[in-house]
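Subject: Structure handover

Hello,

Here is the structure I said I would pass on. My notes on what was found in it follow below.

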Amino acid sequence: MTELSTIPVQKFTIPQVVRHKETGELLITVSRYNANAHYGAGYRCSPIDTRYSTRGYSDDVLEAAPPRNPGPFDYKTEIVPRAQGALPWEFVEPAKLAQTLSDIAACAGWAAYSGIASVIKPGESRASWARLFLHTTQGGGYTGQAHALVWENSPFRKPTHLIDAVVQAAIQVVHDPKAPAGDLAAAVLAMEQSPHRDQEPAMPTAWLLSICKHEIVDSSTPQGRQRGWHPAHCLKCGINLSVDSSD
Ligand SMILES: [Zn+2]
């Protein structure tokens with residue numbers, strides 16, 4: 001077994017993608033932990049799907065991953081670890097809720113991520129629950145962008161004790177002819193005057209997540225554009241963003 005001191009662990013900066021020497025498979029790890037009195041050194045991978053993580057692998061069967069191939073982002077090693085909160089999204093920007101909902105509802109090309117995802121909003125240290133919609137190219141590859149809808153906890157709650165008071169007073173008035181109708185009127189008035197009366201639960205917030213800020217090179221020709229062919233690719237990640245509108 002290789003001595004720990006000879007392993008170039010520093011190269012596997014956190015967060016990291018490493019390669020299994022034997023199979024060539026890319027694996028994700030979140031952080032490396034040191035040996036203590038009870039356990040050997042290893043990698044901490046939660047909450048990543050452990051099938052794709054370094055959990056259970058020893059240092060000497062892993063090596064630094066090669067630079068990524070230009071092109072669409074890999075679902076397993078580049079999208080899922082970010083959706084699950086094990087790797088950060090390179091860019092998290094606020095977006096307009098209406099526009100985001102419109103994109104998701106009306107446009108092809110935004111594929112729903114099947115699980116519950118988490119997003120760390122700018123300026124926050126804790127992740128929020130989110131639903132993700134992954135952007136795809138016309139060819140079906142992932143562009144590394146995603147719409148995120150983040151559930152926002154509402155600070156405003158209906159004053160349930162007032163609702164209870166109204167219901168109770170209404171029941172009494174209906175079932176007991178001698179009950180003072182003033183109780184119901186008072187309960188309704190109290191509810192009307194509540195500062196919470198018009199407040200509604202918070203709407204979700206919308207965010208645009210990106211791994212790459214694409215710098216698009218459009219190599220279309222006037223002739224090609226006329227028949228709807230727009231070949232294009234990103235200078236940074238190499239993804240093919242060509243569009244054939246066939247018109
Ligand atoms: Zn790009």
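Two strands are said to pair if DSSP finds at least two bridges between them. Helices (H or I, at least four residues) and strands (E, at least two) are DSSP runs, numbered from the N terminus. With that in place, Val150 stands opposite Thr205 in S11.

The model is predicted, so local features need pLDDT of at least 70 and side-chain atom pairs count only at pLDDT 80 or more, while totals for chains, interfaces and linings use all residues. Residues are numbered from 1 along each chain as its sequence is written.

Overall

The protein chain has 5 helices and 15 strands. A residue is buried if 20 or more other C-beta atoms lie within 10 Å of its own, exposed if 12 or fewer, and partly exposed in between, with C-beta atoms placed from the backbone. Of the 247 residues of the protein chain, 20% count as buried. Two residues are in contact if their C-beta atoms, placed from the backbone, lie within 7 Å. Among contacts between residues at least 6 apart in sequence, 58% join residues at least 24 apart.

Strands around S10

S10 pairs with S9 in the antiparallel sense over 6 bridges, and S10 also pairs with S11 in the antiparallel sense over 6 bridges. S9 and S10 form a hairpin with 5 residues between them, and Gly140 in the turn has a positive phi of about 100 degrees. S10 is largely enclosed by the rest of the structure, because 7 of its 9 residues are buried. On the S11 side, Leu149 has Ala206 as its bridge partner. S11 pairs with strand S6 (residues 91-95) as well, antiparallel over 5 bridges, and there Glu93 stands opposite Leu208.

Val150 is found in strand S10, where it is the bridge partner of Ala130. Val150 is partly exposed, with 17 other C-beta atoms within 10 Å. Leaving aside neighbours within four places in sequence, the contacts of Val150 are Val119, Lys121, Ser128, Ala130, Pro204, Thr205 and Trp207.

Nonpolar cores

A nonpolar core is a set of buried Ala, Val, Leu, Ile, Met, Phe, Trp, Tyr and Cys residues joined through C-beta atoms within 7 Å. The largest one has 17 residues, and those with the most contacts inside it are Val119, Ala130, Leu132, Ala146, Ala148 and Leu209. At least two residues each come from helix H1 (75-83) and strands S8 (117-119), S9 (128-136), S10 (142-150) and S11 (205-210). S9 gives the largest share, 4 residues. A second, separate core of 7 residues includes Val17, Val18, Ile28 and Leu62.

Helices H3 and H4

Helix H3 (residues 160-175) and helix H4 (residues 181-192) pack at an angle of about 160 degrees, with their axes 8 Å apart. Axes are lines fitted to C-alpha atoms, for helices over the stretch in contact, and angles run from 0 to 180 degrees between N-to-C directions. H3 and H4 are therefore roughly antiparallel to each other (angles over 145 degrees count as such). Residues of H3 that meet H4 include Leu162, Ala165 and Val166, and those on the H4 side include Ala181, Leu184 and Ala187.

A loop residue

Gly228 lies in the loop between helix H5 (222-226) and strand S13 (229-230). Gly228 counts as exposed, with 12 C-beta neighbours inside 10 Å. The C-alpha atoms of Gly228 and Ser245 are separated by 4.8 Å, although these residues are 17 apart along the chain.

Regards

Terms used: Parallel < 35°, antiparallel > 145°, perpendicular 65-115°, else oblique.
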